[in-house]
Structure formats: structure tokens, C-alpha cells
Amino acid sequence: MRGGGHNVAGIALCDDGLVVDLSPMRAVLVDPVTRTARVQGGALWGDVDHETQAHGLATTGGIVSHTGVGGLTPGGGIGWLMRRHGLAVDNLLAADVVTAEGSIVRASTYEHPDLFWALRGGGGNFGVVTSFQFALHPVGPTVTAGPVFWAADDTADVLRFYRDFVADAADELGTVVKFGTVPPLPVIPEELHWRPAIAVGCCYAGGVEAGERALRDLRAFGSPLIDLISPMPYADHQRSIDDTVPHGWHYYWKATNLDGLSDEVIDAVAGHGYAARSPRSYAGMFHFGGAVARVPRGATAFGGREAPHAVVIDGVWLPDESDELGAAETAWVRAFLDALEPHPAAGVYVNFLDADEGTVRVREAYGDQNHRRLAEVKAKCDPDNAFHVNQNIPPA
Ligand SMILES: Cc1cc2nc3c(=O)[nH]c(=O)nc-3n(C[C@H](O)[C@H](O)[C@H](O)COP(=O)(O)OP(=O)(O)OC[C@H]3O[C@@H](n4cnc5c(N)ncnc54)[C@H](O)[C@@H]3O)c2cc1C
């Protein structure tokens with residue numbers, strides 16, 4: 001299945017198999033009265049934000065607008081709004097699904113509840129979702145959002161500050177920390193482009209002034225290279241890093257959840273975060289908690305709700321750059337992950353797994369209990385494992 005989205009593992013395509021191209025199915029239908037949206041299976045998050053924000057509404061989606069609803073949602077769906085409004089799957093009310101045997105069924109709490117449970121975290125294992133129905137919430141349209149950058153040398157100090165800053169942050173505050181370089185975006189002065197830097201990206205899903213108050217201490221910390229936080233349309237914020245991770249570049253990534261930001265973790269991040277050769281390589285650290293952690297682990301198939309942070313380490317190089325650089329970036333990703341591995345929290349986000357992970361890592365993503373139940377649902381819905389070009393859950 002491919003929805004025209006963005007999948008690093010390259011598992012949307014296959015040889016000697018069937019590829020279902022959903023990219024023409026991008027319609028988004030908003031009902032502002034019930035605050036719900038029906039979203040076709042090939043839509044991108046930019047499509048969803050565009051239609052929902054016309055009504056001052058939104059639901060949790062990814063932080064890059066050219067990723068697809070179709071792949072991101074069934075894996076869980078993490079983004080700026082999740083601490084306030086839950087994961088994408090926590091906002092999923094129903095899904096229309098083409099099953100392995102070719103039936104069209106509606107999955108919700110009331111219809112095919114096992115399939116509905118599995119679709120909320122189990123990835124592309126259970127069928128082709130032709131339409132998602134999401135709950136929407138008032139968001140913006142203007143929010144206080146953007147990143148603050150500090151020099152890479154300040155990483156340990158910034159992370160120690162950040163550890164305390166997010167410990168009692170309001171649910172409205174979503175943050176993602178990026179370790180890498182200052183991107184060469186037009187809004188950033190040229191002399192800063194490609195400078196090694198730590199950035200804390202923010203989005204306050206509440207009133208603009210409350211957001212400014214909530215972010216005051218962060219912005220005042222140390223000596224930022226540049227502070228780009230300002231009131232801005234939520235939909236613009238959702239597009240703001242699109243150009244740093246376009247389609248067509250080469251990517252290799254690894255991920256882990258972290259049990260916290262101990263001094264050892266901070267040292268590991270400061271030691272490895274800037275050791276990539278390609279200035280486009282980066283690591284991103286999402287902050288969970290809030291509404292994500294309040295949903296019981298077994299309520300959906302998504303694993304790792306209790307983890308405070310999820311890290312993804314992304315080696316990035318250009319198609320015309322050498323294989324040798326690609327090998328160096330791949331080695332950097334693996335070494336960085338190894339350095340974090342003594343500090344894992346339960347689970348790893350299944351949508352951040354690459355193509356070379358294997359079944360043990362997929363099981364770890366869900367935890368034994370959720371994985372067992374997923375395998376049982378798979379045995380009912382797809383006993384021959386027709387949908388297996390994915391982070392596969394074999395039927396059992
Ligand atoms: C630049 C970038 C940023 C990202 N940011 C985030 C983020 O902020 N939050 C987050 O949660 N994840 C994020 N991800 C990870 C993302 O969730 C996965 O890469 C996901 O697989 C992307 O799905 P897609 O629809 O874009 O890709 P596609 O290649 O279209 O699909 C990937 C797979 O998803 C399944 N799938 C796709 N459509 C359907 C459907 N209609 N029904 C059933 N299964 C389907 C299939 O198994 C398919 O092979 C990001 C990825 C990238 C590359």
C-alpha cells in the first residue's frame with residue numbers, strides 16, 4: 001500500500017506483489033458541528049490541516065505535512081498535539097477497511113471491535129483503510145509555536161534545563177528536540193546555516209498569550225543562536241520543516257524510547273548527536289506524557305505509552321552523494337543507538353523502525369501482551385499473512 005506519503009523503510013513498494021496506490025484518494029470532509037472529519041486513505045496531513053483549520057479545528061497528525069495519514073495513523077500517530085489531544089489513534093472513531101479476503105468492513109468500537117483495536121497501532125497489517133474518521137478539537141488557527149536554536153556545545157546544559165522544563169509542562173505544550181544543524185531555511189540568516197545546533201521545537205495548543213507565558217523561561221535560557229517562536233497559523237507551523245526532509249533523499253533510521261533524561265543519556269546524546277558527516281543527518285526526540293500516558297496500555301495496540309521520550313536517529317544524504325557517505329551515516333545511526341541502548345523505556349515507535357529490524361524488534365515495539373493479541377487478530381483477519389510487506393505481525 002502506498003498513500004503518496006513518506007516511509008523511510010521503503011516497504012510501501014514490493015517486487016512480485018501487489019501495490020495499491022491510494023494517492024488519488026485525498027478527500028477530507030469536515031463536519032464542524034460534530035467536530036469530526038472523514039479522511040480518505042491516501043490523504044496527506046497537509047490535506048487534513050488545510051480542511052480542518054478552515055473551521056479552527058485540528059486533530060493530532062505528524063509534524064511533516066507531506067507524510068500520509070494512511071501509514072502514520074495505523075502505527076499510532078505522534079505529533080505536536082498529542083499531549084493535549086492524544087495520539088492519532090486515540091482520535092480515531094472509525095475506519096473503513098478492505099480486508100485480506102476482499103470484504104469492505106467498518107471498524108469502530110461497535111463494529112469489528114477487535115479489528116478496530118488492532119488498527120490503532122498495528123500498522124498496515126490488517127487491511128487497506130480507505131477512510132478514517134477522526135475526532136477534531138479547537139486548535140488555533142493561531143498558535144504560539146516555532147523552534148529555539150542553541151549552539152551544539154550547549155547541548156548538555158540545554159537538555160538539563162529541558163528535563164526540568166518539561167517535567168511539569170502543561171499538556172498544551174508539545175515539544176520536539178532536534179540534534180543536528182541549523183537548516184538553511186529562508187527565515188534563518190545565512191551565517192547560521194548548517195551550524196551544529198540543538199533546537200527545541202514547540203507548539204502550544206492553547207491561547208496565544210498562555211503559550212507565550214509557557215515558553216518564556218525556555219526562550220530566556222542561555223544564549224540562543226536564534227529564536228523563531230512567534231504566534232503563527234497552526235497550518236504553517238505544520239509545514240515549517242517540510243523542506244528539511246523532502247521526498248527523494250536517502251534516509252536510514254533507528255529509534256528507541258527512553259526512560260528519561262538521566263545525565264548518562266544527556267552525555268550520550270551530546271557525544272553522538274553531532275558526529276554525523278552529512279549536515280542533513282539529525283536526531284529528533286519527541287516528548288510523550290499528558291493525554292498519551294493517560295490511556296491504558298491495553299486500550300489500543302500502540303505500545304510504549306508510558307515512555308517519556310521517543311528518539312529517532314535519521315541518517316540523511318543526497319542521491320548524488322557517495323555510497324561511502326551513506327555507509328558513514330548508517331554507521332553513525334547505529335553507533336548513536338548503541339550509546340542509548342542501556343537506557344531504553346518499554347517499546348519503540350513502530351513507525352520509526354526501518355526495513356532491517358526483524359520480528360524481535362517488532363514484538364518489542366508492542367510489548368508481549370499487545371503483540372500476542374495483535375497476532376490473534378491477524379490470524380482472524382489475515383490468516384495467510386497477505387499484508388506482510390510491513391513491520392510484520394505473523395498470525396498466531
Ligand atoms: C519526514 C518524516 C517525518 C515523520 N514524522 C512523523 C511524525 O511526526 N509522527 C509520526 O507518528 N510519524 C512520523 N513519521 C513516520 C511515519 O509515521 C511513517 O514513515 C509512516 O509509515 C508514513 O506513512 P505514509 O502514509 O506517509 O507512507 P506510505 O509509504 O504511503 O505508507 C507506509 C505504509 O503504511 C501502510 N499504509 C499506508 N496507507 C495505508 C492505508 N490507507 N491503510 C492501511 N495501511 C496503510 C502500508 O503498510 C504502507 O506500506 C515520519 C516519517 C518521515 C519520513
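In counting charges, Lys and Arg are positive and Asp and Glu are negative, while His and the chain ends are left out. Each charge is placed at NZ of Lys, CZ of Arg, CG of Asp or CD of Glu. On that basis, the 29 positive and 49 negative charges of the protein chain have mean positions 5 Å apart.

The model is predicted: local features need pLDDT of at least 70, side-chain atom pairs count only at pLDDT 80 or more, and totals for chains, interfaces and linings use all residues. Numbering starts from 1 along each chain as its sequence is written, and side-chain values use heavy atoms, without hydrogens and water.

**Whole chain**

The protein chain has 12 helices and 15 strands. These are DSSP runs numbered from the N terminus: H or I of at least four residues for helices, E of at least two for strands. The radius of gyration is 20 Å, close to the 21 Å of the globule rule for 396 residues, so the chain is as compact as a globular protein of that length. That radius is taken over C-alpha atoms, and the rule is 2.2 Å times the number of residues to the power 0.38. Along the principal axes, the C-alpha atoms fill a box of roughly 60 × 50 × 40 Å.

Of the 396 residues, 54% count as buried. Buried means under 20% relative accessible area, exposed means over 50%, and partly exposed lies in between (1.4 Å probe, protein chains only). The accessible surface comes to about 16,000 Å². Carbon and sulfur atoms hold 52% of that surface. Areas follow the Shrake-Rupley method with a 1.4 Å probe; for residues, only the protein chains shown count as cover.

Contact means heavy atoms within 4.5 Å. Among contacts in the chain with a separation of 6 or more, 73% join residues 24 or more positions apart.

**Helix 1 and strand 6**

Helix 1 spans residues 45-53, and its buried residues are W45, D47, V48, D49, T52 and Q53. They pack against strand 1 (28-31), strand 2 (36-40), strand 3 (57-58), helix 2 (69-75), strand 6 and helix 7 (234-239).

Strand 6 (residues 128-135) holds Q133.

| Residue | Relative accessible area | Class |
|---|---|---|
| Q133 | 18% | buried |
| T256 | 5% | buried |
| L228 | 22% | partly exposed |
| L173 | 3% | buried |

T256 sits in strand 13 (residues 250-258). Leaving aside neighbours within four places in sequence, T256 contacts H309, A310, V311, L337, L340, P344, V348 and R361.

L228 lies in the loop between strand 11 (226-227) and strand 12 (230-233). P147 is 81 residues away along the chain, yet the C-alpha atoms of L228 and P147 are separated by 5.4 Å. P147 is one of the contacts of L228, with A145, G146, F149, V187 and I188.

L173 belongs to strand 9 (residues 173-181). From L173 to R83 is 90 residues in sequence but 7.2 Å in space, C-alpha to C-alpha. L173 touches R83, F165, C202, C203, Y204 and L215, not counting residues up to four places away in sequence.
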